[in-house]
Amino acid sequence: MSDRLKSLNYSIDCCINKVYSLDSPSSIFSIPIISGNEKLQEKFNLGYRKVFVAIGDNQIRENISNYVRRIGFDFINIISDKAIVSNKAVLGSGILIMPGA
């Protein structure tokens, strides 16, 4: 996924962990993990505008997506160049289409 982001001229600045605990990791693949919704507002205030919500639980993903949408973030799509997508498909925002899909 990170190669596809680079090809789209995106980079990952950080990951957000909604729930912090003392044993929470501080990074993943050298990407810092920051905790709390207020950090999203801080990133927006610093000029960040693009977001991708990568959460498997549908209800939690919807709640966080609604929150970042209210802040003003724009959702990016990540579509593999090896994915097969119909030219008649109507795509939303904030979607991920993996290789072979």
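Predicted model: local features only at pLDDT ≥ 70, side-chain atom pairs only at ≥ 80, totals over all residues.
The largest pocket comes in at about 850 Å³, and its lining is made up of 28 residues. After that, we'll look at Gln41, which sits in helix α2, and Ser65, which belongs to helix α3.

**The largest pocket**

- If you want to find the middle of the largest pocket, look for Ile12, Cys14, Cys15, Val51 and Phe52, the lining residues nearest its centre.
- By residue type, the lining of the largest pocket splits into 20 nonpolar, five charged and three polar residues.

**Gln41 in helix α2**

- Helix α2 covers residues 37-45, and Gln41 is part of that run.
- Gln41 has 30% relative accessibility, so it counts as partly exposed, a class that lies between the 20% and 50% cut-offs.
- Count along the chain and Gln41 is 14 residues from Ile55, while in space the two are 19 Å apart, going C-alpha to C-alpha.

**Ser65 in helix α3**

- Ser65 falls within helix α3, which takes in residues 58-71.
- With a relative accessibility of 13%, Ser65 counts as buried, because buried means under 20%.
- Set aside the neighbours within four places in sequence, and Ser65 is in contact with Val53 and Phe75.

How values were computed
Residues numbered from 1 in each chain as written. Heavy atoms only, no water. Helix = DSSP H or I, 4+ residues; strand = E, 2+ residues; numbered from the N terminus. Buried < 20%, exposed > 50% of the residue type's maximum accessible area, 1.4 Å probe, protein only. Contact = heavy atoms within 4.5 Å. 1 Å grid on protein atoms, 1.4 Å probe; cavity = no way out; pocket = protein on both sides within 12 Å on 5 of 7 lines; lining within 4 Å. Points joined across faces, edges and corners; volume = space filled by probe spheres on them. Nonpolar A, V, L, I, M, F, W, Y, C, P; charged D, E, K, R; others polar.
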